[in-house]
Amino acid sequence: MRDFIPIARPIIGREEIEAVGDVLASGMLTQGESVKKFEEAFSSYLRVKNSVAVSNGTTALDLTLKAKRLRQDDEVISPAFSFIATANCILYQGLKPVFVDVDSRTFNIDPEDLKEKITPNTKAVIGVHLYGQPFEVKAVQEICEDHHLILVEDCAQAHGAEYNGKKVGSFGIGCFSFYPTKNMTTGEGGMITTDDDDLAARLRLLRNHGDLGKYNHVELGYNYRMMNLQGALGLIQLKRLDEFNKKRISNAELLNKKIEITGIAKPYKIDDVKHVYNQYAVKVKEDFPVAREKLMDFLQSEGIGTAIHYPKPIYRQPIYQEMSDNWKICSVAEKVCSQIMSLPVHPSLTEDDIEYIAQTINEFEAQL
Ligand SMILES: *Cc1c(COP(=O)(O)O)cnc(C)c1O
């Protein structure tokens with residue numbers, strides 16, 4: 001019997017265990033030297049001036065909007081198709097979320113619809129590099145410049161991804177997550193990246209209760225600190241990130257080659273990007289004779305985990321429906337939600353695992 005192939009699995013090796021053990025033995029558990037080293041290594045990896053470590057990806061987004069001093073009723077744009085944290089951070093700050101539709105091939109923010117959704121109240125745009133593929137950075141950047149908007153990059157699924165040879169998180173304000181399903185992990189954990197020194201200083205202040213030092217609290221801040229335990233883990237994972245991503249890419253390319261089923265649209269990659277495949281998401285085509293859920297059940301019974309990222313546009317989630325029944329429909333996002341399905345692509349898979357996944361899917365169609 002084969003082991004079940006989960007949809008995601010972090011790789012934690014001896015080096016990680018030793019690094020965390022060293023921190024435990026030192027007794028310096030909370031934010032300190034290991035966090036600082038992790039921040040510096042992250043900055044040099046991304047070629048940005050500042051990295052500010054925080055407790056998770058959600059607090060990275062939240063702290064970013066807080067630091068930019070937006071005012072109540074300012075509008076912040078989020079893609080309708082993303083993990084809910086992308087939009088929730090807008091609500092945390094008492095701001096107004098406005099949802100933009102996505103491109104039907106890449107599932108990333110659609111620059112044309114973005115233009116349509118901008119109003120005099122728009123202050124910021126959160127672009128998501130979904131599944132590890134950079135969004136159309138150039139087009140979005142130009143729109144932000146034209147309208148004087150803050151550009152936040154949600155890089156939670158795109159550590160090491162590149163657009164025109166430049167790493168994501170270095171175009172706007174980058175927000176990363178190190179949750180175990182991401183391309184690298186610290187358990188929980190997050191990072192904010194920016195070339196703006198003043199912003200970085202403000203982020204550092206706000207993540208630690210607005211404390212200038214010696215209990216001199218000059219602003220209403222939070223406890224969004226990262227622990228040394230996580231920093232030590234992150235340093236090792238960052239060293240291995242390129243190797244992890246290389247494996248994700250070769251797994252994705254092998255799936256592209258081996259999946260022959262006609263009822264499925266494989267991931268579409270735009271030119272001039274490095275896609276790091278946090279997810280290998282396929283679209284079950286409309287003319288496919290059975291429901292996507294049937295295929296997922298079949299794969300599950302054959303020992304292959306799948307997932308739907310994500311089953312509904314954010315504005316369809318109950319919490320957003322309770323707030324308003326007036327959301328503008330994003331028709332592409334609606335459709336993508338009904339068709340999308342993620343297959344395992346994570347770096348701990350063997351070539352044999354990938355062959356098995358492809359073969360099982362191909363068999364499913366042959367049976368129909
Ligand atoms: C994971 C994720 C987040 C949130 O990160 P957490 O560390 O889980 O809080 C935000 N945005 C996207 C797109 C994500 O995938």
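Trainee: Which residues does C337 touch, not counting residues up to four places away in sequence?
Mentor: C337 touches F81, R292, I308, Y310, P311, K312 and P313, where contact means heavy atoms within 4.5 Å. Please note that this is a predicted model, in which local features need pLDDT of at least 70 and side-chain atom pairs count only at pLDDT 80 or more, while totals for chains, interfaces and linings use all residues. Residues are numbered from 1 along each chain as its sequence is written, and side-chain values use heavy atoms, with hydrogens and water left out.

Trainee: Where does C337 lie, and is C337 buried or exposed?
Mentor: C337 lies in helix α11, residues 331–339. Its relative accessibility is 1%, so C337 counts as buried. Buried means under 20% relative accessible area, exposed over 50%, and partly exposed in between, with a 1.4 Å probe and protein chains only. Helices (H or I, at least four residues) and strands (E, at least two) are DSSP runs, numbered from the N terminus.

Trainee: And V284, what is that in contact with, leaving aside its neighbours within four places in sequence?
Mentor: V284 is in contact with G263, I264, R292 and Q339. V284 lies in strand β12, residues 280–284, and is buried, with a relative accessible area of 5%. The C-alpha atoms of V284 and T262 are separated by 9.4 Å, although the two are 22 residues apart along the chain.

Trainee: Let us turn to the core. Which residues of the largest nonpolar core touch the most other members?
Mentor: They are I259, Y280, L299, L343 and I361, in a core of 28 residues. A nonpolar core is a set of buried Ala, Val, Leu, Ile, Met, Phe, Trp, Tyr and Cys residues joined through side-chain atoms within 4.5 Å. The elements giving two or more residues to this core are α8 (228–258), β12, α9 (292–301), β13 (340–343) and α12 (351–367).

Trainee: Which element gives the most to this core?
Mentor: That is α12, with 6 residues. There is also a second, separate core of 23 residues, which includes V52, I90, L203 and Y224. In soluble globular proteins, nonpolar side chains tend to be buried together.

Trainee: What does L343 touch, again not counting residues up to four places away?
Mentor: L343 touches I7, I259, Y280, V282, L299, T306 and I361.

Trainee: Now the backbone. Which residues does a cis peptide bond join?
Mentor: The cis bond joins H309 and Y310, with omega at about 15°. Y310 is placed in the loop between α9 and α10 (318–323). Most residues other than glycine have a negative phi, and most peptide bonds are trans.

Trainee: What is phi of H209, and where is H209 found?
Mentor: Phi of H209 is near 55°, a positive value in a residue other than glycine. H209 is found in the loop between α7 (197–206) and α8, and counts as partly exposed at 39% relative accessibility. K214 also has its place in the loop between α7 and α8. Phi of K214 is near 55°, and K214 counts as exposed, at 82% relative accessibility.

Trainee: To finish, how many helices and strands does the protein have?
Mentor: The secondary structure comes to 12 helices and 13 strands. Buried residues make up 57% of the 368 residues. Along its principal axes, the C-alpha trace spans about 70 × 55 × 40 Å.
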